[in-house]
Amino acid sequence: MSDPSRTARRALLAGAAVAMIGSGARAQPSDDSAQLLAIMQRYAAGLRWGTADALVALYTADGVFIRDDLPAATGTDALRAAYRQVFATLKLDLGFEIKETEVTGDMAWLRATSKGRIRTLATGAEATESFNDLVIFRRTGGGWKIRCYMYNASKGTGAPQ
């Protein structure tokens, strides 16, 4: 007997992969596309829940996180510190729209936009913000992982004032 929630998740992933391909994203082998999409869904959930360790687990050991106006965070310890800093100051609820993907061998990249609400914890100020996202992936023995995640604010300052 199958687990209904597992079946629902599979159906959601399959539908999202079809939607991604149908929306103009470059078609890839379905397994690769579904895996990249699943990573971005887990990334969005990690941001929403403020779980630095869950986000760091999505990266390779030498992963890089490049943020607006801050030095790049490289490697597991620096990634963890960077995400903890983010979650100490901001509450994030972003959704990603995949624009295109490409897979070549053990490397892949994905271009997306993200949009959602950001609340500054110190002041309680909230704003809707939009970002351009570029994610480079590397296939590892455990599947696809983020090798480099880079974003920039597509309007405004990227965080509420």
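Student: Why is D32 called buried?
Tutor: D32 has a relative accessible area of 7%. Buried means under 20%, exposed means over 50%, and partly exposed lies in between (1.4 Å probe, protein chains only), so D32 counts as buried. Keep in mind that this is a predicted model, in which local features need pLDDT of at least 70, side-chain atom pairs count only at pLDDT 80 or more, and totals for chains, interfaces and linings use all residues. Residues are numbered from 1 along each chain as its sequence is written, and side-chain values use heavy atoms, with hydrogens and water left out.

Student: What makes D32 and R139 a salt bridge?
Tutor: A salt bridge is a side-chain nitrogen of Lys or Arg within 4 Å of a carboxyl oxygen of Asp or Glu. For D32 and R139 the N to O distance is 3.0 Å. D32 belongs to helix α2 (residues 30-49) and R139 to strand β5 (residues 126-140), so the pair ties together parts 107 residues apart in sequence. Helices (H or I, at least four residues) and strands (E, at least two) are DSSP runs, numbered from the N terminus.

Student: Is R139 buried or partly exposed?
Tutor: R139 is partly exposed, because its relative accessibility is 32%.

Student: How do you know that R111 and E100 form a salt bridge?
Tutor: Their closest N and O atoms are 2.7 Å apart. R111 sits in strand β4 and E100 in strand β3 (residues 90-104), 11 residues apart. R111 is partly exposed at 35% relative accessibility, and E100 is partly exposed at 26%.

Student: What is the distance between E126 and R117?
Tutor: The closest N and O atoms of E126 and R117 are 3.4 Å apart, and the two form a salt bridge. The whole structure holds 12 salt bridges, and D53, D77, R80 and R84 are linked in a network of them.

Student: Why is the aromatic pair of Y59 and Y83 called tilted?
Tutor: Rings of Phe, Tyr and Trp (its six-membered ring) pair if their centres lie within 6.5 Å; planes under 30 degrees apart count as stacked, over 60 as edge-to-face and the rest as tilted. Y59 and Y83 are 6.1 Å centre to centre with 55 degrees between the planes, a tilted pair. Y59 lies in strand β1 (residues 59-66) and Y83 in helix α4 (residues 76-89). Both Y59 and Y83 are buried.

Student: What is the average confidence of the model?
Tutor: The protein averages a pLDDT of 83, and 77% of the residues score at least 70. pLDDT is the predictor's confidence in each residue, from 0 to 100. Over residues 1-29 pLDDT stays under 50, and over residues 157-161 pLDDT also stays under 50.

Definitions and conventions:
Contact means heavy atoms within 4.5 Å.
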